[in-house]
Amino acid sequence: MTEGHLGAFVSVMAELLAPDSRMCNYFFLYDGSKVRGEADPTREGICYFYPEETPLDKQELLCGQLAGVGRCVSELSSSPARTLRLRRNKFAIRMKDDFFWALGCSVDVPTVSMCEFLDQLIDLFCFYNGPVRQSYQLNSQESLAAQWARYLSHLQSGSSELSHIFSCLRTIDSTNVDPLLLLKAALILQACQRCPLVLAGCILFRGRVVSTQMSPGLTMKVMVHESETYTKAQKPNGTSTSSSFSGTVSSTTVFLTMPELQYLQFAPVNKGFRYSPSTPQRDTPSKKTRLSRTLSDTPSTDSDVTNPSSSQHPQKVSFSPHLSESDVFSPAPSHGAADSLNPQSPQLLRPSLSNGEHPLEGEAEERPSGSSHNSTGGRTQIQSEGDGSVFEENFHLNGGDGDEACEMVFDFRAAESGNEQLRDDKVVEEDRRDSCGSASGHKAGKSNPPPPPHLPDTLVENPLIPMTLYMHRVNGLVLALLVEPHFMSDATSMEEVYHSSLASLNGLEAHLRTISPGASPAAQGAPGPYTFAHFDCIQSTLTTNLSGQSGGARDHPFVRATSLLHSHFCNTETLQEAIIRSASTAVYGTRSVAQETYFQQNGGSLRNSGIPNHQDSAFSLPSKARHRLLKHGVNLL
Amino acid sequence: MKCFLIASESAEVLFYWTDLEFHQNIQEKYGASQEEGHELPAFEDSISTLFAPIIISFSTMLSQGDSYTSFTTENNHNYVLCQFDECLYIAVNGDGEEKEEDLRRKIYVMKKMTEVLFGLVTLSGNLLRKELRAQDTEQRVRLWKHLQSLLETYSHLRENDQSFLVEAVERLIHPTLCEQCIEFLERRLVQQLNSSAERAGEEVLHAFILVHTKLLAFYSSRNASTLITSDLLALIIMAQNMYPSNIDVDDPSPESFYTPEPSPTDKDSKKPLRGNAPVFEFVDPDIQMAEDSLSTLEICPPDPSTPHRVFLEVSQKDVVYPMMPHSMYCLPLWPGITLVLLTKIPSSVVAMSVYTFLEAFTKLERRLNEGQGGSARGQPMHEVRSKLDKFIKTLALSGIQSSQLENVWTKFKNRAFSRGGLGFSKELIPWCKEMKIQLCGIYRQCFLSDPGPADTPQRLSPSLQERAQTMVQEKLMDWKDFLLVKSKRNITMVSYPPSETDFPGLIHFICVDRSCGQMIAPSLSITERTTSELGKGPVAQYIKSKVWNLVSITRHYLQKGYSTLTLRDGDFYFCYFLWFENETGFKLDTKEIPALPDDSSPIGMLALDYYRKLLRYYSKNHQGEPVKCYELLTVHLGVIPTEIILQHCRQLASKLWEPSRNPLL
């Protein structure tokens, strides 16, 4: 791996583990049903306590006191407690059945954000483990403690000052990525959805969202598993990134709530609806046709739309590291833990994927060269490289004429040959999951708990429906799909999805790899003439030019103002905009149903005595924000 | 569903108030049938049982270095907790009418009211506990009813009266009449009272006339110290509690439940400090019965001419003495119009001495706690020693039981000053505490204990009070109807500012002079029969709720250090400004205002005076120059361009105080 890549990964790791920026001071789950009698010690009820190194008597004190007060308050008010605040800490509370969750934050964190964080955490747990009571019956406390710890650290990963306020998805910096790549990602997802067993999907790159069809909440949940397998894959060998097939596909059982499922099912998944308006008539007849074909249809359609920009594709210039990259990748070391668990898998699977001719790992570095050649002889490239570059080619050739025929020939061939192997593939996959489950405590997949009917309490309020999360990894890129549970036993569907997307994923990965994944370059530099934060409430994404790790200065005036204004917006539906001003700072906040935007002018002191004065610079903030933010793609007009 | 509770650390109920809903809620939980005649103690037990886990947990957490400040539930019930010395105050709201900030304010206001009623005794948790929870059930019931009705009066005012919303005094805007009245109070009334032989050693310091909650005229005698806004507002609450304005008696709004109804027996007379408080309009027959059974407990109705003992801040020669005893005479002139007299009582000098000694022991305790070295710790105590010796002798001479104080003081001296003693070390701390308790005890004995039946009550004689009442009545006879109307439509958007055409789109404003604690705002009376220009009904009610909400929002931002705020909210545009001026009206530069934690004392003037602290903080940079602090809130229609709105604000800020700059306080 090049140093640049290593650096990028290290920085991802650092973001995941940065301890100072954590939002949560305490978190615990207390099971009141275990402490009924007077003699029962409080510790019996503590299911999980964070930080784990907290002395037991302190744990007991907090659990006992907060749970006691929470119970007392909920009895007085005939409603569960929601927050318990102390002078130095405040706690978001959830009480359900006999469980008592508490998340303790510093008092600076907005209460709304804190409560949201706790709900997310509990939802995450239920997503991967099913109903809480049930998972505590089926699994050991230790293994579930590991789960809580993991979710907690995931939710706090990449914490910047603003992420304590907005719970947002981390996305790739779209200003830095060719829009065509995003489009491509969306198309891959749409293609996968042609399989009726696939509900929705998302594509992630190095812990950031490239494209998603799921709600932000669900995407966030899926990302946890991704980052987990990613981190796991990073750990054993340290430098290993090359993929062998056994590590590339995995699945795990997840649990959706009824609303989540309904959202996915009633959303226009079926089929072709999601495509651009120009495609339906083309899709309708092909509904029953093979996936691979529809996939190859789509790029040509869309490339019409994007024609002008794709001809000056920026990626074309970025292939100089071609040689060194291939050097790094060719040794093909194992990709993570799965490999060691299942040593025979590479042999089994490689032929089915690489067309029997090229080793899989060859594709990664071949593709860029393929696209660099495409101006001269694209089609030969396709032939020689196999499925890895189908999408790639198409993409770059702007749906050039003879391509489609070629691909179809190729695809059919691939599917035919792949059929048998994929069945094996599935067996292997299940094997792997079994061994994995016992080894790493990731049990949800293995135990495969029966659906909720066992638990009337959860059934009544929010039944959780088991589904499967399918993940296909290509180095830093992951295709995550929520699929019906029997998808994993439906060889044909799996095969279709796998093959139809593999090539495109490889292509996408190769492109994304050349792009800095993380924060926008604007964030790195010195403070500009203004600071802004733009939160998209629909997609849960945050755009800001505020540097993420600015010394953890929690009292940063802009963050402080934003925190106050955000709470205010949350509590007052009718509030549209606000300017607040202290002696030294003025911050403008505005919101609509879809977004919240905060803006502060830097430098140039506010020279005014605070008396009402229309010449006060604070009052020019709205117009300044409108103008300045346009170039960040924020439209306040 | 509302509840207010004061409890001791051992979860003993020292005072409680609940609304009907909370009461019923608790009764349902504990079975409705309570023994007749013992309703109150039984209910008290239920409350105590219910809250005990919270109170005990509070102490446990406190001993671990942190303590609860507030709780919320999923159905949006709010709980706020504050501890003052050894008393824990808990306020609960379950109907969404009060936010956390309101509950905390309520707690601080009740704390303020206990200070006005019990003075320095509040500094000793132990004594205050005894005071609030008298052994004698009858006495306890009477006191609790008084406090309950004060709490209700306050809540009612805060919800309906703009001056209690922003916690500043509102004056009747009628410069000529005001001036005449002040002159009358000075030349005729106060002079006559203070020269009368029937004043029994008391001296009228302040006299003022209230029309509902608004101040018509205020006069302070020359040797009186300034009456601070916080105290004045507290006194207005007390006066309103005795003679509630009937503004919304006819109004069928749900608030009528909280309106204290004077009991028929003393409708036309003053209620003494521990007199029977208004009976709630309980509907529940059980409760009604209990109320009836309670009233039978009252053996002798106290003499109506007995003044209220109130404890107010006095400053003398730059020394501030908090909670000095005064007598308050509240003389009703007509329904809605009241004359209030504040007198200095002859023994008040004892209170000053007690306070000085309390201060000395508190400082010593602090020094010992900080472990400051050497004899320096005890240095100031030598002076205190001789003074306290003298003080104890004087007490004995004037027939005050001071033997216990003397005992403790002797022991203290033996330990602190003698050669074989402890010297000024940490071991002395418990003795400092004990001395403070004894001093508070003396104070209690002098100013709070009921005079025995043999003692002649010390007060302005009833006939003198009557004469004062008649004099002012005669003076204001021709004005009374005008005043009553005027107080409801003090200034209107039509009449003030001069012409509405100057400010198109302006819907409402409030301007407050925080340096003198006064406010000006157009009337927002929506409960009266006559319609204001805002009309009656939903629109006026909506504007009112917006204004109330805006004030609470601006306070929140001010608490976090933001002194300017504009909001576009629905169809309205709100502005808020806080700024400083010097006396000549020159605008002074802003200074960063400190950001305070969420659970700090509420921003206002009634409880702990935030603005006084703010002015002191600001004045550090403006030594020797009096600094004034102003606030302006405006509500505009949202369609008006922002520049115009800001111009309005500027014009209002410069114009508002001009016509009324005659000094009244």
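## Where domain 1 meets domain 2

In this predicted model, four residue pairs are in polar contact between domain 1 of chain A and domain 2 of chain A, both residues of each pair at pLDDT 80 or more. Let's work through the rest of that meeting place.

**Exercise 1.** Find the helices of chain A that give two or more residues to the side of domain 1 that touches domain 2, and say which gives the most.

*Solution.* 
- Step 1: the elements that qualify are helix H3 (111-129) and helix H5 (141-156) of chain A.
- Step 2: H3(A) gives the most, with seven residues.
- Step 3: sort that side of domain 1 by class, and you get seven nonpolar, four polar and two charged residues.

**Exercise 2.** Work out how many salt bridges there are between domain 1 and domain 2 of chain A.

*Solution.* 
- Step 1: look for a side-chain nitrogen of Lys or Arg within 4 Å of a carboxyl oxygen of Asp or Glu.
- Step 2: between domain 1 and domain 2 of chain A, the count is zero.

**Exercise 3.** Locate the two domains in chain A and give the distance between their C-alpha centres.

*Solution.* 
- Step 1: the domain assignment puts domain 1 at 21-166 and domain 2 at 179-232 + 247-265 + 463-514.
- Step 2: their C-alpha centres lie 30 Å apart.
- Step 3: the contact takes 13 residues from domain 1 and 16 residues from domain 2.

Technical notes. Residues are numbered from 1 along each chain as its sequence is written. Chains are lettered from A and ligands numbered from 1 in the order in which they are written. This is a predicted model: local features need pLDDT of at least 70, side-chain atom pairs count only at pLDDT 80 or more; totals for chains, interfaces and linings use all residues. Side-chain values use heavy atoms; hydrogens and water are left out. Domain bounds come from an automatic or database domain assignment. Contact means heavy atoms within 4.5 Å. A polar contact is a pair of N or O atoms within 3.5 Å; within protein, one must be able to donate a hydrogen and the other to accept it, and residues adjacent in sequence count only if both atoms are side-chain atoms. Helices (H or I, at least four residues) and strands (E, at least two) are DSSP runs, numbered from the N terminus. Ala, Val, Leu, Ile, Met, Phe, Trp, Tyr, Cys and Pro count as nonpolar, Asp, Glu, Lys and Arg as charged, and the others, Gly among them, as polar.
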